[in-house]
Amino acid sequence: SPPLAEDLHVLGRATAHLHVSTTATVLGFVANLSDVAPDGSAQLVAKGILNATRRDSLTDPEPLVPGAAYELTIEIDCASWRFQQGHRLRLSLANADWPNVWPTPEPAVSTLYRDPGRPSRLTLPTVPATSGLAAPEFVPAPDEPEPHLHEANPPVWRVERDALSRQAWVRYHFDYTDRVNAHTVVARTYDFQTHVDPAAPGQASARGRHTTVIRRPSGTIEAVSATSVRGTPTHFHVTIEVEVAVDATRQFTRSWTESIPRELC
């Protein structure tokens, strides 16, 4: 949009009305509403996501017909925002939001229509700058949480992309230790990794592992849980494993494996 001539106040859910076609039978559409400052910096305000096979019903999906045109209504998350004078609104559209949302199984090329007969557009819930209501009073929070980056051992969130194959990985690691009392120390470790190949998004995968170690003078208890989700174009293959050890001796172990049909997702 052009720079705003005056402040614009938004309160509620914006809606993206899109006229689209695509080459896939199953595909998601993501609408990101951003505030772009005069210096070019941008702030995400809110986003909305719709699997287009749920365009008419969330419970009874229907596949897309490649090349056919559809009108999609995407509700964007509720937001309270003031777009300042001189700023611009930006609506960016994509067919994926990985790793926030699991990718749909088919590569695709999509077309957005903006002609008079198919007017793709954004609807904003605007409100006046002032109202007759009394302004709320916010009391200070009882505790001010420390940002993770200020911790002695901050989390690691790493995104890796292969410049040739375009494959991408997201890796996350976080561990910390708490002293519960004079006799008990609890250490926790979180690890997570996802992978996707844009040429074969149906085969995306994710693995997570959580370890808790409780140390007392009487002994040490260690519990480990691991989850793996591997996609194919037709199924999600899920494996969950749990193991508990006391003083390095295994006391309990169990695993679950299930294949879940994708059902147009």
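Rings of Phe, Tyr and Trp, the last taken by its six-membered ring, count as a pair if their centres lie within 6.5 Å. The model examined here is predicted.

**Exercise 1.** State how many aromatic pairs a search of the whole structure finds, and classify the one formed by Trp102 and Phe236.

*Solution.* The search, run over the whole structure, finds five aromatic pairs. For Trp102 and Phe236, the ring centres are 5.7 Å apart and the planes stand at 90 degrees; since an angle over 60 degrees counts as edge-to-face, the pair is edge-to-face. Next, locate the partners: Trp102 lies in the loop between β7 (88–94) and β8 (110–113), whereas Phe236 belongs to strand β15 (residues 235–246), so the pair ties together parts that are 134 residues apart in sequence. Finally, consider accessibility: Trp102, with a relative accessible area of 29%, is partly exposed, while Phe236, at 15%, is buried.

**Exercise 2.** Carry out the analysis for Trp157 and Tyr172.

*Solution.* The two rings are 5.9 Å apart, centre to centre, with 65 degrees between their planes, and the pair is edge-to-face. Trp157 lies in strand β10 (residues 156–161) and Tyr172 in strand β11 (residues 168–181), so this contact ties together parts that are 15 residues apart in sequence. Trp157 is exposed, its relative accessible area being 54%, and Tyr172 counts as partly exposed at 24%.

**Exercise 3.** Identify which residues form one aromatic cluster, and describe where the charged end of Arg118 sits.

*Solution.* The cluster is formed by Phe174, Tyr176 and Tyr190. As for Arg118, its charged end sits over the ring of Tyr113, at 3.9 Å from the ring centre.

Technical notes
Residues are numbered from 1 along each chain as its sequence is written. This is a predicted model: local features need pLDDT of at least 70, side-chain atom pairs count only at pLDDT 80 or more; totals for chains, interfaces and linings use all residues. Side-chain values use heavy atoms; hydrogens and water are left out. Rings of Phe, Tyr and Trp (its six-membered ring) pair if their centres lie within 6.5 Å; planes under 30 degrees apart count as stacked, over 60 as edge-to-face and the rest as tilted. Helices (H or I, at least four residues) and strands (E, at least two) are DSSP runs, numbered from the N terminus. Buried means under 20% relative accessible area, exposed over 50%, partly exposed in between (1.4 Å probe, protein chains only). A charge sits over a ring if NZ of Lys or CZ of Arg is within 6 Å of the ring centre and within 35 degrees of the ring normal.
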